[in-house]
Amino acid sequence: MSPAPTARRSELANWTAGLLVVGGNFLQSTSVGINAVVLPTTLQSYGASPALIGAILAIEFVSVFAVSLGLTRLLRVASLYSWVLLAAAIRLPAIALLAYTTDLPWWFLLVLLHGFGNILAGTLLQIWLNSIPFTRARGLSMAMFGTSISLGLACGPLILQGLHLVVDLIEPIMATTDAWLAGRLGLLPDAGIAAETRIQLYASALLSTLSVVPIMLGRFFAPRFERSAQTSVRGAVARAPAVMFAVAICGVSILGLQSFITVYGISNGLDIGNAALLLTAFMLGSILLEMPVAWLSDFFDRRYVMIALILLSLAAAVYLPIAIYDAWSARALLFAWGGVIGGLYSICLAMTAERFTGEDLVAANAAFSIMDAAGGMLGILAIGMAMQWLGVDGLPYVIMFASVLYFSFALTRYQVR
């Protein structure tokens, strides 16, 4: 018998596992997209200041480092599949309990717990997908993962708009939970919580729960790792510096643009509607162009594609102060820019999967998450200070500087790998 049918079945199993992981990640990201709208607006209605709102929402970043640095140890205690389920068990009560309290210290704790469960699950699903031995189109598979995040974040606010269509489904679940919590724990929702807010938070919790369904269906595809790790988080960065620092560039660009592009547009004369569309264009570019860009990398040396994309991002940052005076030119630029950065993220993910295996892959993905988060936090801080000291064009200046710094590091001191 020819071995081809077995090979085909193996590839079919790989793609089945990959699609289940992507599906679970999409549902989880949709829940996060709902939270991105509901949490800040709810905190504002409770009288929290902008600084306090930012502090509560930023507490999730603490989870990135806690999860990433302890990931190898966690996987020695229990399997990846078990931790994904446990992450869901942490997320669900954390987000649901926000529907019962207006006490801001409790919000700090619950948002932190939700962030831990969310980041733990996202990192584990990334490791799972990276561990699948695709024989071809690895770049495409990684792009599907990245696109599922962007698409989920974009779908969250849209679901809020149509939530009235499923209120009859959510209200009985909420009433049953209220009765159980009142009877068992004596917990009643605070009087200051709007009924609409409670329904929105429950919708987020239900989507977070549904994200486990594809994962449970793919249980037998879940990878297992040996107990002898050869690479630490620091070692993973040292082993693939160009890739890891490219991930940091993604963090600077994505979080920097998401946080400041609307303000940048308004400061350059756009009304709030057109300024908000700049962020929409950036997200749409990431959703629609990320997969084609990453798929093309399957046919070329990914190292050179990575360098080319960072060069394109640098060019976009240079052109932004010129394009911003025409709304359509600015949207077109942000659309293309979103595809460039989204594609860069997926290609870095694919290169990580190619360079690391086994528990080394766990450490590499932990390093990946840390570099992404560190780049994002440093980028936001640097852009904020640059816009205050250098004027509104501090936004593109920081991204230009980060890109030039990357070229200096990757092309003159280290082999690109």
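This is a predicted model: local features need pLDDT of at least 70, side-chain atom pairs count only at pLDDT 80 or more; totals for chains, interfaces and linings use all residues.

Modeller: Residues are numbered from 1 along each chain as its sequence is written, and side-chain values use heavy atoms, with hydrogens and water left out.

Biologist: How are helix H4 and H5 oriented to each other, roughly parallel or roughly antiparallel?

Modeller: Helices are DSSP runs of H or I with at least four residues, numbered from the N terminus. The axes of H4 (residues 80-97) and H5 (residues 104-131) come within 8 Å and cross at roughly 150 degrees; axes are lines fitted to C-alpha atoms over the stretch in contact, and angles run from 0 to 180 degrees between N-to-C directions. Angles over 145 degrees count as roughly antiparallel. H4 and H5 are therefore roughly antiparallel.

Biologist: How many charged residues does the contact of H4 with H5 have?

Modeller: Contact means heavy atoms within 4.5 Å, and Asp, Glu, Lys and Arg count as charged, Ala, Val, Leu, Ile, Met, Phe, Trp, Tyr, Cys and Pro as nonpolar, and the others, Gly among them, as polar. The H4 side includes Trp83 and Arg91, and the H5 side includes His114 and Trp128. The classes are 17 nonpolar, 3 polar and, for charged, 1.

Biologist: What is the relation of H7 to H8, roughly parallel or roughly perpendicular?

Modeller: H7 (residues 167-184) and H8 (residues 195-210) pack at about 90 degrees, with axes 10 Å apart. Among the residues that meet are Glu171 and Asp178 in H7 and Arg198 in H8. Angles of 65 to 115 degrees count as roughly perpendicular, so H7 and H8 are roughly perpendicular.

Biologist: Which helix gives the most to the lining of the largest cavity?

Modeller: A cavity is a set of points on a 1 Å grid over the protein atoms alone where a 1.4 Å probe fits but cannot get out, and lining residues have an atom within 4 Å of a point. The largest cavity has a volume of about 40 Å³. Its lining includes Val84, Ala88 and Arg91. With 3 residues, the most is given by H4.

Technical notes
Helices (H or I, at least four residues) and strands (E, at least two) are DSSP runs, numbered from the N terminus. Angles under 35 degrees count as roughly parallel, over 145 as roughly antiparallel, 65 to 115 as roughly perpendicular and the rest as oblique. On a 1 Å grid over the protein atoms alone, a cavity is a set of points where a 1.4 Å probe fits but cannot get out, and a pocket is an open set with protein on both sides within 12 Å along at least five of seven lines; lining residues have an atom within 4 Å of a point. Grid points are joined across faces, edges and corners, and a volume is the space filled by probe spheres set on the points.
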